[in-house]
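Student: I am new to this structure and would like to understand its aromatic rings. Could we begin with the terms?

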Amino acid sequence: MTPEGTALPCHSARQLPVQFPSVLEQSLEDIWYHSFGFNRYRGYDWMPEPCRSCDEKEKDFGGCRCQAFMLTGDADNADPVCSKSPHHGKILEARREADCSDIKIGQLQFRNRSNSQLIYKSGNI
């Protein structure tokens with residue numbers, strides 16, 4: 001639940017192009033069993049290949065829809081973190097770039113409440 005009452009299946013789901021219901025307007029039971037946002041990716045019918053025929057699908061349920069959306073632009077795609085995904089190259093490339101970074105640990109600005117407020121006020125977000 002968000003502070004505004006929106007029911008989300010996970011904390012990152014807000015970024016998905018799906019309208020999630022509010023507990024201020026619907027019961028949790030109705031949201032869980034009948035809302036589009038909570039049922040779109042249940043079961044196996046929605047899964048693309050290679051997920052649909054994968055022997056891991058009962059463990060990972062097709063991977064993370066938010067990662068798929070953020071990395072490929074389509075939440076229906078196979079999660080790029082999976083080595084069987086046709087988009088797995090995006091993860092491998094990101095790892096290669098991270099390994100080649102010139103940024104040193106001392107240059108990183110770790111987020112905490114104070115740093116987050118400073119970053120927000122500076123407009124560098």
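Tutor: Rings of Phe, Tyr and Trp (its six-membered ring) pair if their centres lie within 6.5 Å; planes under 30 degrees apart count as stacked, over 60 as edge-to-face and the rest as tilted. This is a predicted model, in which local features need pLDDT of at least 70 and side-chain atom pairs count only at 80 or more, while totals for chains, interfaces and linings use all residues. Residues are numbered from 1 along each chain as its sequence is written, and side-chain values use heavy atoms, without hydrogens and water.

Student: What is the mean pLDDT of the protein chain?

Tutor: pLDDT is the predictor's confidence in each residue, from 0 to 100. In the protein chain, 98% of residues reach 70 or more, and the mean is 90.

Student: How many aromatic pairs does the structure hold, and how are the planes of F20 and F38 arranged?

Tutor: The structure holds three aromatic pairs. The ring centres of F20 and F38 are 6.3 Å apart and their planes stand at 90 degrees, so this pair is edge-to-face.

Student: Are F20 and F38 buried or exposed?

Tutor: Buried means under 20% relative accessible area, exposed over 50%, and partly exposed in between (1.4 Å probe, protein chains only). By this rule, F20 and F38 are both buried.

Student: Which kind of pair do Y41 and W46 form?

Tutor: Both Y41 and W46 are buried. Their ring centres lie 5.0 Å apart with the planes at 85 degrees, so the pair is edge-to-face.

Student: Which residue lies over the face of W32?

Tutor: Ring pairs link W32 with F20 and F38 into a cluster. A charge sits over a ring if NZ of Lys or CZ of Arg is within 6 Å of the ring centre and within 35 degrees of the ring normal. At 4.3 Å from the ring centre of W32, the residue over its face is R42.
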